[in-house]
Amino acid sequence: MRYGCLLIGCLALALAGTGSVAIDEAKKPAAEVQKAGEPRKIPQDWAYHAPKRPDLPVVKDKDWDRNEIDLFIFARLEQEGLKPSPEADRVTLIRRLSLDLIGLPPTPEEVDAFVADKSGDAYEKLVERMLTSPHYGERWGRHWLDAARYADSDGFEKDKSRQVWFYRDWVINALNKDLPFNQFIIEQIAGDLLEKPTQDQIVATGFLRNSMINEEGGIDPEQFRMEAMFDRMDAIGKGVLGLTIQCCQCHNHKFDAFKQVEYYRMFAFLNNAHEANIAVYTPEEEMKRAEVFRGIHEIESALRERDPKWREKMHAWEETAKKDQPKWTVLRPEVDELSTGGQKYLPLDDGSFLALGYAPTKHTVKMGVKTDVKDITAFRLEVLCDPNLPLNGPGRSIYGAGALTEFKVDAAPADDPEKKVHIKFVRATADVNPLDTPLASIFDDKSGKKRITGAVSYAIDDKEETAWGFDVGPGRRNQPRKAVFTPEKPIGFEKGTILTFHLKQNHGGWNSDDNQNNNLGRMRLSVTTQAGAEADPLPDNVRTILDIPHDKRTPGQEAAVFSYWRTTVSDWKDANDKIEALWKQHPEGASQLVLKERDKGRETHVLKRGDFLKPGASASPGVPAVLHPLPEDAPLNRLTFAKWLVDPASPTTARAAVNRIWQHYFGTGLVSTSEDLGMQSEPPSHPELLDWLAVEFMERGWSLKKLHRLIVTSATYRQASIVTPELRTRDPYNRLLARGPRFRVDAELVKDIALSASGLFNPKVGGRSVFPPLPGFMVEPPVSYGPKIWPEDKDAERYRRGLYTFRYRSIPYPVLQNFDAPNGDFACVRRARSNTPLQALTTLNEPIFVECAQGLALKTLHDGGRTDGERIVFAFRRCVSRRPTNAETDVLLSLLEKEQNRFAEPDAKPWEVAARDPAKPPKLPEGATPSQAAAWTVVARVMLNLDETITKE
């Protein structure tokens, strides 16, 4: 921009100075919390006694209170010799309420309608309208997402992107539906263990999966699984219990009555889950899936009707299919660690290997084993599904698929290992042989070569450009697959054979710091001595069903066998082709990190000093003695733990929840240390009110909307926020609540206010995370460890709420970071609130804020009125809701005139200021000039940069 920031900054400060004085109510020294009146001493362990509903206090002045909250506040004020502030004016009230409940400023039309509404329930109607707004869930979901460590990347060195926005949307939708808070917690801890869980309930367990994931080369995956477990415990401690249980990771708690063994007993509830990654679908995609499955069902039903003897024929086929497989001997090779490219191959009990940790895009793993099997006629490679793989595997690519570039085997006599011979394969079969398919762009290695996947024969053709692929498209790709390789002649030596396998996996992309691997995820090797062995064409589930007697099968099992058998009936080719066409319509979906309970229990140990390499005594599932007990005879699983967390007998859960909500309204909680209600916390400023709210919250069905309604309809909330000299001296941080709240809004709302005021705001709720402008250097080394993808949105998606901004943990989005948004490394239930010059520079110069100024200028010229005075009022109200004073109007008109004159000069380039793309300027209303557009853009920048614009009064 050609004009200087200093002038605009000074004007902004001058205008900001016309309002009331801002005091940051989130900052408060501990010593000042109860200095004023010391209403009563409370025991240090108050938080460990379950809340009980206190009697309502009796106050002298009966005219002020609107609900029970006010009685507790006013009683304390009377004790302190203070009086509450008068009610704020209606403009201030609607703006405060709108920012608090939906996180957006009211439009001038909404302000006028509320001011003009003289009905006795005008305010209550306003509250109800905002509580039913879809933006309510966005506003309050952001606070929970802080506690949930939500981010769109893995963190640590590589900080790869991840698709987890379904969890974010679940939070928004759950709040909009007013899902009871106890159920809100239960579903996030153990939604997968509920009876017949829905997709949403499984997605909810993403709360625990929001931990960081480390895929650096050479790491021990178990170490960072443990780190994720510690993070989950921390999130439950801060986000649910409001206690610092994480202090017991290494030792007994130094202040609270928690023992280290009790920490690991709670830990044990969470320690029996897979780190799963599932396919998830939007409602529209679910409808499409249902349409596909309905079409398949209709075709299959028609086939059954066409041939009444289908069952007899299928059963006859089954008898043949049961006997057509050779006996396989599973090999248990050892992995040459130098060949893995840094990827870890974890041996499992069934002889398979699970690929974990770092995922190289190109490597050839070497595995060796000695076998006494002679006359080996074929080798089998199984690629198996696993809950810990993307979308259940069987590959490690982002699609849960993979590619095998080459399958090579060397054989040597066990008594003379140096006489190694390379085995020549003459035939390869597989249960799936896709058509030749060029690699997806994510797997581009920048070699310029045409690389494809296709039939299994590509795995023995000695060509780098080809590979066996087993991705047959969405809906069917995430299934176990197998390939069988036949050597030129039988293999085996009299005194045993040393087999060395080379599994080349070179069909990944160029950047291992991104999600570009195309590796096998879980694999198992076997051999047979029977001649003519081929890959079993039957899916594993169908092969298993064949062993079940016909009269013992479920309808679903019978249908599964039929769905495969029909593909073998040549007369049904037309029907099978139609079904194949339907499968191609199956939606791709997205992925979501979730928990999935293991079938086999995992033993938990107390870790000495929190070191995963130093397991101590075994720790069975349990809870701290200082808290309420588990129900008798309840199963010791995650669901029981989830229900225990929100048991009404819990001394801290409801208190922690209402305290955090109070904090978001008033800047500080009734207990200022909202992450810690324990022995080291500050005592509550209004202990009886805290307990009354906690009990009321539970007895009203854990309804968050009822709690919000209770708070915002109180006289306490509706007070003016003007600071008198007496209040500044007696209660500078407003802990006694003798006035209304006043502080800068959260980071995301700073952006949302600008977008809303400008008219650019995109109100879409939910969906993928978006990519607003970001300096290119931030996603390149050395700022980023490796190059990252940032496909800047060019359309209306760039104007979505700050909540939806894509969040890399290692390179936080600057706008949000400058205004104190956490980056998701750990649970945060209390944001800092700073005030820095960098924030002013952000709202002046960051591209989206500049575009907002351009948008506000254009909207003002189109809709703001006929005169400059009318337009000043129009734009000013869109930013701060109230009308400008005469002095403010004069300052802004003076600036406008000065800038119009400057941009009217011959050498001025007004579209460089007024247009996002000067080559494609926007259409102006009749009579308006480019110099006016540029001048109004300058004025709009000043208004958007006012302290009052981003402050909740």
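1. A quick term before we start: two strands pair if DSSP finds at least two bridges between them. Keep in mind that this is a predicted model. Now look at strand 6: in this strand, Gly368 is the bridge partner of Glu334. Strand 3 (residues 334-335) and strand 6 pair in the antiparallel sense, over two bridges.

2. Strand 6 also runs antiparallel to strand 16 (residues 497-505), and nine bridges join them. One to find on screen: Lys370 has Ile498 in strand 16 as its bridge partner.

3. Which residues of strand 6 (residues 363-371) sit on its covered face? They're His363, Val365, Met367, Val369 and Thr371, while Thr364, Lys366, Gly368 and Lys370 make up the uncovered one.

4. On to the cores. In the largest nonpolar core, with its 186 residues, Leu101, Trp144, Tyr167, Phe184, Ile189, Trp662 and Leu693 touch the most other members. Helix 30 (residues 930-944) gives this core its largest share, 10 residues. Apart from it there's another core, of 35 residues, and Met367 is among them, as are Leu381, Ile423 and Val527.

5. Setting aside neighbours within four places in sequence, its contacts include Val127, Trp140, Tyr665 and Val712.

6. Of its 37 lining residues, Arg476, Arg481, Thr567, Glu580 and Trp583 are the closest to the centre. Which helix supplies the largest share of this lining? That's helix 17, with six residues. By type, the lining splits into 16 nonpolar, 10 polar and 11 charged residues.

Conventions: Residues numbered from 1 in each chain as written. Predicted model: local features only at pLDDT ≥ 70, side-chain atom pairs only at ≥ 80, totals over all residues. Heavy atoms only, no water. 1 Å grid on protein atoms, 1.4 Å probe; cavity = no way out; pocket = protein on both sides within 12 Å on 5 of 7 lines; lining within 4 Å. Helix = DSSP H or I, 4+ residues; strand = E, 2+ residues; numbered from the N terminus. Nonpolar A, V, L, I, M, F, W, Y, C, P; charged D, E, K, R; others polar. Core = buried A, V, L, I, M, F, W, Y, C linked by side-chain atoms within 4.5 Å. Buried < 20%, exposed > 50% of the residue type's maximum accessible area, 1.4 Å probe, protein only. Contact = heavy atoms within 4.5 Å.
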